[in-house]
Amino acid sequence: GNTVLAWSVHREEDVSEYNIIERDGLVNKYIASVPLRSSTSFTYNNTLANGQPVMLFVSAYDSCGNQGNFDERPTTMHLQTQYDHCAYQTSLSWNAYQAMKKGILEYRIYYSVNGGTFVRLGATQGTTYLHSGVDAGASVCYFIRVVNKDQSITASSNQVCFLADQANIPSFLYLKTATVKDVSAITVKLKVDNSVGFNAIDLFRSTDGINFSPAGSITGDGSADYEYTDNDVEPSQRSYFYRAAFRDSCGNSRAGSNTVQTILLQVKTESENIFVNHLQWSPYAGFAGNVAGYNIFRLVNDDPGAGPIAVTGPNGDSYIDNVEDAAPAGSKIDYMVQAVEGIGNPYDVMEKSNSNTVPVYIEGRLFIPNAFSPTGSNNTWKPVTHFVDKTDYKVRVFNRWGQLVFEAGDNEKAWDGAGWPAGVYVYLVNYKNARGEYLEQKGSITLLR
């Protein structure tokens, strides 16, 4: 904040002191005396140069008190700045330096961040400069240094320091969960600090957790909780990563969120054993309360039943399921895995995340007895169905002359053979398998008396 005046040693040998003079309006005001001819500088610590240009000059006096000639033009450069917190840029302007010996080469612009070393931004022969890419949210300082043409003399302006503030945004942006909604949609739930307004939330998606691209945006309406459904995904093919960022009132992207990753479930079957299915899934990532465990759901004909068929710990990633008990109940089997958040979430939420749903197409199987005796231990006859669609099921039995003797549209209904003699009969079963294909099976049965 001080002003330093420097000069060359006067050529006259009889110089005894130098007087420092400040031009105040139209008046020259004495400031101080500097003894000795060899003196070449004076530091003025009561200057107003931080707020305005200051004219300061020096005159020499000999031992008889005679005053030499002096130059009244030297004037400090006064730097002024205007900061645009939306564009993150500073407009700098200053008055031209006067009476530079050998002329002016250029004005150099210097910049410091958070009290660090000043670095040179650039140079100009004019008296304005635009600095783009200012370090937002930091304490920044500038000054200008003029250099003469042979770079032997420099002079510096006042320093201007300020906080490169940004538009206010909420204190946090948290992705609560990303959960699979259906075969082409994932729903992302968010929680924000709603004490401060914002323009929008931009959502970003990635398949590798490194390269993110825009997935959509949510307009702020003052709520604390938001949801966004991404319909441009294939959650049955791959796992997806999501993160978000505020867009402030200037339209700038700010304050990124945590990153979450969806669960990808895959199921393999055994050709030798139609009742055994192997489930494997990728871990869910992103819960602030960590994953407490995974619920495993088996859906028979789209019915999840009373609850999960199994539960694993937080490190679970596989399960082997035997569906023999579910085989008679329906033709369609689907699986879904659900991550459950543990306690300790700082945002006071406990969320869940569903994986993709994986259908398991098991070929319908019919086990048909070839004989029965109404008076014996096996006193009724009916096909035993595994993974057969009951809505399109029909069984019919005919005698040797083609006469219909039994018909049922319910696989639980059995033929008791009442009123019909012993002999060989023909059955015909029509049904639909898990893929929706219509099939037919026929053969003969023997009624024993």
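The structure is a predicted model, in which local features require pLDDT of at least 70 and side-chain atom pairs are counted only at pLDDT 80 or more, whereas totals for chains, interfaces and linings draw on all residues. Residues are numbered from 1 along each chain as its sequence is written, and side-chain values rest on heavy atoms, with hydrogens and water left out.

In secondary structure, the protein chain has 36 strands and 0 helices, where helices (H or I, at least four residues) and strands (E, at least two) are DSSP runs numbered from the N terminus. The chain is more spread out than a compact globule, because its radius of gyration of 44 Å is well over the 22 Å that the globule rule gives for 449 residues; the radius is taken over C-alpha atoms, and the rule is 2.2 Å times the number of residues to the power 0.38. Along the principal axes, the C-alpha atoms fill a box of roughly 155 × 40 × 35 Å.

Of the 449 residues, 43% count as buried, a class defined by a relative accessible area under 20%, with exposed meaning over 50% and partly exposed the range in between (1.4 Å probe, protein chains only). The protein chain exposes about 23,000 Å², of which carbon and sulfur atoms supply 46%; accessible areas come from the Shrake-Rupley method with a 1.4 Å probe, and for residues only the protein chains shown count as cover. Among contacts (heavy atoms within 4.5 Å) between residues at least 6 apart in sequence, 59% join residues at least 24 apart.

Asparagine 19, in strand E2 (residues 15–24), is buried with a relative accessible area of 9%, and its side chain is joined to that of serine 33 by a polar contact of 2.9 Å. A polar contact is a pair of N or O atoms within 3.5 Å; within protein, one atom must be able to donate a hydrogen and the other to accept it, and residues adjacent in sequence count only if both atoms are side-chain atoms. When neighbours within four places in sequence are left aside, the residues in contact with asparagine 19 are Tyr30, Ala32, Ser33, Phe57, Val58, Ser59 and Tyr61.

Glutamine 261 belongs to strand E21 (residues 260–261) and, at 17% relative accessibility, also counts as buried. A polar contact of 3.2 Å links the side chains of glutamine 261 and serine 239, and, residues up to four places away in sequence not being counted, glutamine 261 touches Ser239, Tyr240, Phe241, Pro283, Tyr284 and Ala285. Valine 337, in strand E27 (residues 333–341), is buried at 0% relative accessibility. Beyond its neighbours within four places in sequence, valine 337 is in contact with residues including Ile263, Leu265, Trp281, Tyr294 and Ser353. Its C-alpha atom is separated by 15 Å from that of isoleucine 186, 151 residues apart along the chain.

Backbone geometry was then considered. Most residues other than glycine have a negative phi. Glutamine 151, although not a glycine, has a positive phi of about 60 degrees and is found in the loop between strand E11 (139–148) and strand E12 (154–156). Alanine 255, likewise not a glycine, has a positive phi of about 45 degrees; alanine 255 is located in strand E20 (residues 253–256) and is partly exposed, with a relative accessible area of 39%.

Glutamate 72, in the loop between strand E5 (55–62) and strand E6 (79–84), is partly exposed at 28% relative accessibility and, neighbours within four places in sequence aside, is in contact with Arg23, Asn28, Met55 and Phe57. The C-alpha atoms of glutamate 72 and asparagine 28, 44 residues apart along the chain, are separated by 9.1 Å. Aspartate 165 lies in the loop between strand E13 (160–163) and strand E14 (173–182) and counts as partly exposed at 36% relative accessibility. With residues up to four places away in sequence not counted, aspartate 165 touches Tyr83 and His85, and its C-alpha atom is separated by 6.1 Å from that of histidine 85, 80 residues apart along the chain.
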